[in-house]
Amino acid sequence: MKQAANQSSRVPNESEIWALLLELANRARAGAPLATPCGLRLDDLGRLESVPAERGWLPADVRAWFETSVRGDHELFRLLELYLPLCVGHGCQEFVLGHLGQSLDGQIAAASGASRYVTGPENIRHMHRLRALSDAVVVGASTIEFDDPELTTRLVPGNSPVRVVIDPQLRLAHDRRVFRDDRARTLLVTRASRTPCAGVAGVELIQVPDADGLLSVPAMLTELRRRGLRRLFIEGGGVTVSHFLCARAFTRLHITVSPVFLGAGRPGISLPPIHDMNDALRPSVRRFDSGNDVLFDFSFGPRNLEE
Ligand SMILES: NC(=O)c1ccc[n+]([C@@H]2O[C@H](COP(=O)([O-])OP(=O)(O)OC[C@H]3O[C@@H](n4cnc5c(N)ncnc54)[C@H](OP(=O)(O)O)[C@@H]3O)[C@@H](O)[C@H]2O)c1
């Protein structure tokens, strides 16, 4: 690739790369994802600036940028390779990304519901990064019940996403953190047939129809997109992620496998049985080391959802 004479020869560090990824995600969010040469780089003070295409760090071909600017630095290359599919190209204006951290025996939590932490610190940081790159983070009622998570980006720079809780029976106690704190907006998804009693103050209720006894995943996505939430991170648990996978809703799915056996606990992915190996779901996959864990990044293609 032709390098312009006045391009910085300095290799960006990890926080600069992350800042660049956040900026690219913001462009995608604003409906203008980087898909052509745009001359994006950081200036000497670490601020993002737009420059003529030939002076940018990010020329026409992102892969070429990998091979020139950050060649030899494995960690930076990994950061870019892992997150760029969520940040550049027309497809990244809207995605549905799932994640589960599981044991070798396919469990995401112990039988008691304890899950802190199945995977290592690198993967916890990865989840915070995925939150920062997303418009909304979606979890099922049992995750809120057992973990009482904040669902914020406190471990990395970047804004916390809108928090979406799927609670079809409105069974969750109102003292959960996502309902109490004001670190991010919270939406509560429930059945269309459900007559809401006293709602949670400051929490918007979204009612969606049933499909085969479950809340319809396509209807949920439509409601979220109607509210401008198009980059969606489905963070767990296993029941929720399995419903999205069953509905063929995912663009990508990250499964991080930790070298630990948990015994019979709370399962990760659980799908209806198949009887013929030709019916097995075989998405394309990339593998990344994440501390002692291995992260599988599955890609399902852009038009996976049967609406
Ligand atoms: N390791 C990880 O990556 C990870 C991530 C998150 C959570 N966890 C752990 O996993 C456990 C919770 O996970 P889980 O799999 O048991 O449950 P979950 O996915 O957190 O929540 C499942 C519940 O959410 C509601 N729900 C979700 N999608 C629905 C749909 N399409 N239609 C209707 N209802 C829907 C249902 O509520 P009702 O029950 O009211 O019907 C369902 O039973 C906890 O122990 C937590 O600590 C681990």
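This is a predicted model: local features need pLDDT of at least 70, side-chain atom pairs count only at pLDDT 80 or more; totals for chains, interfaces and linings use all residues.
Nine strands line up in the order S8-S7-S6-S5-S11-S3-S12-S15-S14, giving an open sheet with mixed pairing. Strand S8 (204–208) and strand S14 (284–290) sit at the edges, each pairing on one side only. On average, neighbouring strands are turned by 20° against each other, direction ignored. Towards the S14 end of that order, strand S12 (residues 252–257) and strand S15 (residues 293–299) run antiparallel and are joined by six bridges. Here arginine 252 stands opposite serine 299 in S15.

Now for the helices. Helix H8 (residues 238–246) lies across strands S3, S5, S6, S11 and S12 of the sheet, running at about 135° to S11. Elsewhere, helix H1 (residues 14–29) packs with helix H4 (residues 121–132) at an angle of about 35°, and their axes are 10 Å apart. From H1, Glu14, Trp18, Leu22 and Arg29 meet Arg125, Arg129 and Ala132 of H4. That contact is made up of four charged residues and three nonpolar ones, with no polar residues.

Back in the sheet, threonine 190 belongs to strand S7 (residues 186–191). Its relative accessible area is 0%, so threonine 190 counts as buried, the cut-off being under 20%. Among the residues that threonine 190 touches are Leu170, Leu205, Ile206, Val208 and Leu215. Glutamine 207 is 17 residues away in sequence, yet its C-alpha lies 5.0 Å from that of threonine 190. The threonine 190 side chain also reaches two backbone oxygens: that of proline 168 at 2.8 Å, and that of aspartate 167, which lies 3.1 Å from a polar side-chain atom of threonine 190.

How values were computed. Residues are numbered from 1 along each chain as its sequence is written. Side-chain values use heavy atoms; hydrogens and water are left out. Helices (H or I, at least four residues) and strands (E, at least two) are DSSP runs, numbered from the N terminus. Buried means under 20% relative accessible area, exposed over 50%, partly exposed in between (1.4 Å probe, protein chains only). Contact means heavy atoms within 4.5 Å. A polar contact is a pair of N or O atoms within 3.5 Å; within protein, one must be able to donate a hydrogen and the other to accept it, and residues adjacent in sequence count only if both atoms are side-chain atoms. Axes are lines fitted to C-alpha atoms, for helices over the stretch in contact, and angles run from 0 to 180 degrees between N-to-C directions. Ala, Val, Leu, Ile, Met, Phe, Trp, Tyr, Cys and Pro count as nonpolar, Asp, Glu, Lys and Arg as charged, and the others, Gly among them, as polar. Two strands pair if DSSP finds at least two bridges between them. Lists of a residue's contacts leave out its neighbours within four places in sequence.
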